[in-house]
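Thanks for coming. I have one structure to go through today, so please look at it first.

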Amino acid sequence: MPLYNRRPELPPQPAPAPLGLAELLSQVRLALQRQLAESYWVVGEVSDLTVPRFAGAHCYLTLTEQIIDGRGMPIKAQARATLWSQRYQQLAPAFERATGQPLRAGLKLLLRVQVRFHEQYGLSLDVVAIDPSYTVGELALLRLATLRKLEEKGLLVRQQALSLSLAPQRLAVISSPTAAGFQDFVQQLREAPYDFALTLFPATMQGDEAPASIRAALEGVRERRGQFDAVVLIRGGGSRTDLLAFDEYGLAAAVGAFPLPVLTGIGHERDEAVVDLTAHRALKTPTAVAAFLVDRLARLEAAIFGLGEQVVAAARRQLSQRHARLDQLAGRTQHAAQGQLDAAHDRLRARARQATQAPREQLRQLGQGLERFRHQLPRAARRALAREQRGLRQRGRVLLRRFARHHQRRRETLLRRRYQLQLALERTLHRHELQLAVLGTRLPGAKTSL
């Protein structure tokens, strides 16, 4: 007998039957349905977006997220998402009203999605809700980071250090040639009584291409900067979405570092673009820029005319005083000549009394000499008076020229002082506005609103 009982040999198990691909994917779909919740809030960046081209069409998105795995390697997560037609008609307008911009590629969104798996189309996400407050906060943080970066490089105040010409008439205009704002700007300057030399540097003023196009126009102006007094950056009115290009850091930095004063009239009434903060002076609309330029020339003209009237009045006072002095000197000269004539008559009568016994010929000669002297004395007095008048007129002209030069220097000094005071006041106001804006963003209420 054997020392131990041997186990019976089991018959080999048959291999499981292979699954069809459809059955496997169906099991995956069922497993996902059992294991996943009905919906999730997901944060992702829109890398691609296809908007509906006709009523009833759907919106398709590609969501991505860049992460770092445990080994420090970058991983890019990606998923397809669908915003069905009915939900798109509800969510897209609400998102644009809340954020000021439409759904587009490049935005970071907070979405509520449902995970879907289809045997034919694979894994996808159905978007059921969008939280616009998350995107608003992201845009605000991006704007604040841009402002801090500009401030660190000194680009928020560099334009303010430039001196705008007292009469800026040679203007480099950056705008779209077909924009209504540009046409209004040109028309208002044509109606002004002053002559402006405008050179248009065309550029795209909205959309993703706008920042690069405007920077290219600025480079064109830089190459010819000796021909212009200032740069005017204008566009017509638009929504907050149309003005996003003017918050781009590269464009704002290019404006802040430009060697000529830049005047902006971007056409917004409430929002202030980052480009406005780096420009030399920001005005609301293109027509406001034109009105500012015309008003600047009008003020300069009024100041010059006022100073000219003061110069004329002062010159008239000087001339009046000189004429009075000449009349006084003429009176004194005539009185002195009359005194000399009277003295001569007295001496003549004394000599006549003493010479009653002299020969008649001597008396005749003396009489002739006296007659000549009597005729020569008024002529000499008139010549002396004429010389004095010429000398006084010459001195009056010299004094008038010296006064004109002195008044011109005084007027230029006053204009420079007034401009420096205005510039210092604008810098102070602008600095306080920036401080208020920064404090506003740091207040607890501001953080909550973001």
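Predicted model: local features only at pLDDT ≥ 70, side-chain atom pairs only at ≥ 80, totals over all residues.

Residues are numbered from 1 along each chain as its sequence is written, and side-chain values use heavy atoms, with hydrogens and water left out.

Start with the cores. A nonpolar core here is a set of buried Ala, Val, Leu, Ile, Met, Phe, Trp, Tyr and Cys residues joined through side-chain atoms within 4.5 Å. Buried means under 20% relative accessible area, exposed over 50%, and partly exposed in between, with a 1.4 Å probe and protein chains only. The largest core has 31 residues, and those touching the most other members are Ile174, Ile214, Val221, Val231, Leu233, Phe246 and Val275. Two or more residues come from each of α3 (132–152), β6 (170–175), α5 (210–223), β8 (230–234), α6 (249–256) and α7 (274–278). Elements are DSSP runs numbered from the N terminus: helices are H or I with at least four residues, strands E with at least two. A second, separate core has 24 residues, including Val186 and Phe196.

What does Val221 contact, leaving aside neighbours within four places in sequence? Its partners are Ala172, Ile174, Phe201, Phe228, Val231, Phe258 and Leu260, where contact means heavy atoms within 4.5 Å.

Two of those names come back. The whole structure has one aromatic pair. Rings of Phe, Tyr and Trp (its six-membered ring) pair if their centres lie within 6.5 Å; planes under 30 degrees apart count as stacked, over 60 as edge-to-face, and the rest as tilted. Phe201 and Phe228 have ring centres 5.9 Å apart and planes at 75°, so they are edge-to-face. Phe201 is in strand β7 (residues 197–202) and Phe228 in the loop between α5 and β8, so the pair ties together parts 27 residues apart in sequence. Both Phe201 and Phe228 are buried.

Next, Ala279, in the loop between α7 and β10 (281–283). Ala279 is buried, at 2% relative accessible area. Not counting residues up to four places away in sequence, Ala279 touches Gln159, Gln160, Val255, Val262 and Thr264.

His407 sits in helix α9 (residues 360–442). His407 counts as buried because its relative accessible area is 14%. Beyond four places in sequence, its contacts are Leu307, Gln310 and Val311.

Last, the surface. Val28, in helix α1 (residues 21–35), is partly exposed at 32%.
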